[in-house]
Amino acid sequence: MTDRSTVTIYGIRHHGPGSARSLTRALRAFEPDCILIEGPADAAEPLSLLRHPEMEPPVALLGYVPDDPRRAVYYPFAVFSPEWQALQYGLSRGIKTAFMDLPVSAQLALAEADGAADVSLDTPAQVAEGLPETATPGPHPRDDPLRWLAEAAGYGDGERWWEHLVEQRRNAEGLFAGVLEAMSELRRELPPAADDFQAGRELGREAHMRTVIRAARKEGFDRIAVVCGAWHAPALVADDMPPAKSDAALLKSLPKVKAQVTWVPWTYGRLSRNSGYGAGIASPGWYHHLWSYPENVTERWLTRVARLLRAEDLDASSAQIIEAVRLAEALAALRDRPLPGLEELDEAAQAVFCFGNTLALRLIEQKLTIGDRLGRVPPDTPLVPLQRDVQREQKRLRLSPKASREILELDLRREIDLGRSLLMHRLALLDIPWGSPEQARGTGTFKEIWSLQWLPELAVKIIEAATWGNTVLEAAGAFARHLADDVPNLPALTALIGRVFLAELPDAAEHVMQRLQNEAALASDVALLIDALPPLANALRYGNVRETDARLVSSVVDGLVARICVGLPIACGSLNDDAAGEMLGRLAAMHEAVTLLQRSEHQSVWTAVLRRLADLPNLNGLIAGRAVRLLLETRSLGPEEAAQRMSLALSAAADPLVAAGWLEGFLGGSGLVLLHDEPLWGVVDEWVTGLSGELFTRVLPLLRRTFGAFAPPERRQMGARVKGGGQVGSPSAPGLATPGGAFDRARAEAVLPLIRQLLGI
Amino acid sequence: MPETLRATSEQQFAGELEALARADDRPRPPNWKLSPWAVSTYLLGGALGSSTEITPKYIGNRRIIEIAVATLATDRALLLLGVPGTAKTWVSEHLAAAISGDSTLLVQGTAGTAEEAVRYGWNYARLLAEGPSSRALVPSPIMRAMQAGKIARVEELTRIPSDVQDAMITNLSEKALQIPELNEQIQAIKGFNVIATANDRDRGVNELSSALKRRFNTVVLPLPESADEEVRIVQRRCEALGRALELPAEPPALDEIRRVVVIFRELRDGKSTDGKTKLKSPSSTLSTAEAISVINSGQALAAHFGDAKMCAGDLAAGLTGAVIKDPVQDRIVWQEYLEAVVKERPGWKDLYRACREIL
């Protein structure tokens, strides 16, 4: 019976629209009664969802270990994937359509056995894909068989060669036979795979595919179409197959693990290479275009470019489209190519539409070349791993989702509450707003209050977030990193870092800090830099920042302090009173942060800058005054020198407004400080008493202006104090109760019994 | 033949152009001396058959030259854009030489460029004597290029006042030049085209009107891609310049060139070569041409005031001058750079001290 059946092998390139088109045409001509496709054989159940009306590519088959969802593989499909087209063809005709590759259960087990236990988001491609693994430049050509052929043909990389030869080809006659022949030749010439793991897995995969083909022939199908990556094609040719027994033995020896397969929505962004997805394709949007419009590719593409630019308020006229088409075609001709490729189109767009500017080109790349299409899966699709992880966490932390709103009070010193808090913070970061934080009453930092409410749409949000990772921790980390790359400015980054610290995501924290450092290096606004500092200083001093984080944070803090100190004198120049008022607040924040950090090198730089500020001519008085005051506080300036500076600033030649500002800055706008800060009182007092009568009359308006702003009770107290100080007779330290003659022993002893009673002695 | 200081490209590379024309069997656009393929080869260099070697005129991305040539082949005008010192004029001259065999039809754009320079002027003696006639007309380089089917070059297009710029619109879109005084029209012969260069640092001087901009395909000439490439360009030019100025100093040490190139690149790119430190960029362009001039002045200092061997001290003044163009902002940038990068880098202490000294 095996003699009756015809097996035709179609070697394709994953996600190649040209391959897909050729394949559908070839299938229509061949009219198979059975289609076998490279894909995990244990995905039969999800396959039934494929014809569901709500299924919309790009989607991915996700295989994972239910107990450890971090171990997962993805098989993405786009509408232009040959496999997708073959599936649709087979299912719509009701003929047998099945996957034939090694089951996910074996693939994951193999990966584990190799020690690559975390076949996580970063590497699924290598498990999922057989062919264009150009992103991992392995020495073995099996990793990128096309590159070898392309190099032989004089092309720089395999992708482009394949593109010109296959993807852009309009007629497909003899294509698959040619591919098969080329690959057979290549496989014959190549040495066996160097990497045992890769080689072993490949042997297993091909053995499984052969076994499935044999089974199909036994079942009595006449015309079997086999769709696989071009590399595998020669191994599946019926005449050259090794005996069935050896394949069976090989398959028996493979390890297995319990695995589940389901569909998840995918995006073109994730399909593209630059999202870190190894075997991705650089330009899904462009392929989609090639697939959707077989005719007038160039004209349609450039028209779409023009329309996109117009939508973004950039000029793009029809005349320019014509010119761009001509340029693209001339470029293709100059390079001896039959049709302009993406490269030529980009160059034409840049020269004609963008006036050489690359910014608009990036927009084109993002919106058109990659595209922002998001797939959909039917609602009855089995759960994704992230959902499972959320459920597991809910169980572990004894938090059941309820539709009504409830208040949750957490004491972070308890382990379970800390876990709950982390879960809430992580979900919030992922934009899954199950709980929203409420203002905690009381001042303890160990208390948190959340208001919890479970809404049905949260399930959708979780599936959306599932693209970021398979556990809450992982997804939150990946998403935070993504956010960090996206947020525009320093304050937003600072806000983000706070959330990341709260959610305890060390990896993400590292990334965000890196971004913060880069952003800080570019920021020219010192105010923004200063605003970024306090949260970091706080985290460093009080937060539960881990050891590694602390080092990172401290290096960022070092950078910030250095930059602020370099830029501050200029930033303080030519400020009006309002701006200076704002700056005053920032100086205080900065001073507080530096004091908090207690690092001598910061303090010395900071003192130097304050000194410079104090010395700068033409500085707004408020700031100069405050600088002197801060210097006085840190004892970098003696009281004598402070008094000297004060009299300089308030001398007759000074602009009265500046002088008033200086005094205000110096006194800090509050009489209370003056009352209770002994050295400050001393300085002011020394200065006032040092004035000659005539001079005093002249500065009186200034003093009145500043002191008049103090509250009346404060002024009264000051007056009392000055009077009292006079009685004591020590003008330099009027407030001090100096031990000596004025000390009334009898009166002091009178209070002792009461104190004893209070202290319980 | 008297010794000219500098020969035009078509004179200097006459041999190469001739060899290319002989070997060139590809279709040529009307009135082109070479096919587009041969023009690319002329600019990018390459072996021609077994005997002739074409020297590269432009070291850099092949695609840029291909876009430029393809643009000219589709009879669109070409605008070469780039910061000063990225070989815009150099490329335009060689393109004109290769395509038309004539790089001399040149309009130098200045704030004072008048309409006569892009259209036509009058020989007033003849105009008064004979009245308006075509004999009294003084054609501009662009008009002559139209009549002869050649490439005309416009240098510094954005420095030309806007009204004069717009006078070129009909030349470019209708490929014709109206002479209302004679009720005549000059129609361009096939092969006519315009290559303009503009500096995108001072785009604001006389920004192109969008009508004119639309007539051009824009090609941006970037700064050299890799440090090695840039070092090669700088070294080659410095040696040539040193010879021309007859400097007695030793040829510049490769290490010093590398240092200057690295500093320029790092400041330009806004990050250190190892990718670890982000930096602010100064307002100055820091082009390859400026690197050449820093090395050159360092060489001159070493030759005339030093021991003929260029050291960090000879470079410091030139470097500081090249980087600090804005006395406030650039100074911060340079200071930050010195502290964050130069000071820490092993073996750069001498340069750090020399630069700090004059700052």
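## Close-up views of a predicted model

**View 1. Buried residues of helix 28 in chain A.** Within helix 28 (residues 639-649) of chain A, the residues A:Ala642, A:Ala643, A:Arg645, A:Met646 and A:Ala649 are buried, where buried means that 20 or more other C-beta atoms, placed from the backbone, lie within 10 Å of a residue's own. Because they cover an arc of only 160° around the axis, they lie on the same side of helix 28 of chain A, the arc being that of the directions from the helix axis to the C-beta atoms. Helices here are DSSP runs (H or I, at least four residues), numbered from the N terminus. This is a predicted model, in which local features need pLDDT of at least 70, side-chain atom pairs count only at pLDDT 80 or more, and totals for chains, interfaces and linings use all residues. Residues are numbered from 1 along each chain as its sequence is written, and chains are lettered from A and ligands numbered from 1 in the order in which they are written.

**View 2. The largest nonpolar core.** A nonpolar core is a set of buried Ala, Val, Leu, Ile, Met, Phe, Trp, Tyr and Cys residues joined through C-beta atoms within 7 Å. Of the 260 residues in the largest one, A:Val226, A:Ala480, A:Val512, A:Ile623 and B:Leu95 touch the most other members. Helix 24 (residues 547-572) of chain A gives the most to this core, with ten residues.

**View 3. A separate core.** A second, separate core of 31 residues includes B:Ala302, B:Met310, B:Ile324 and B:Val333.

**View 4. Confidence in chain A.** The pLDDT (the predictor's confidence in each residue, from 0 to 100) averages 78 in chain A, where 85% of the residues score at least 70.

Notes. Buried ≥ 20, exposed ≤ 12 C-beta atoms within 10 Å, placed from the backbone. Helix = DSSP H or I, 4+ residues; strand = E, 2+ residues; numbered from the N terminus.
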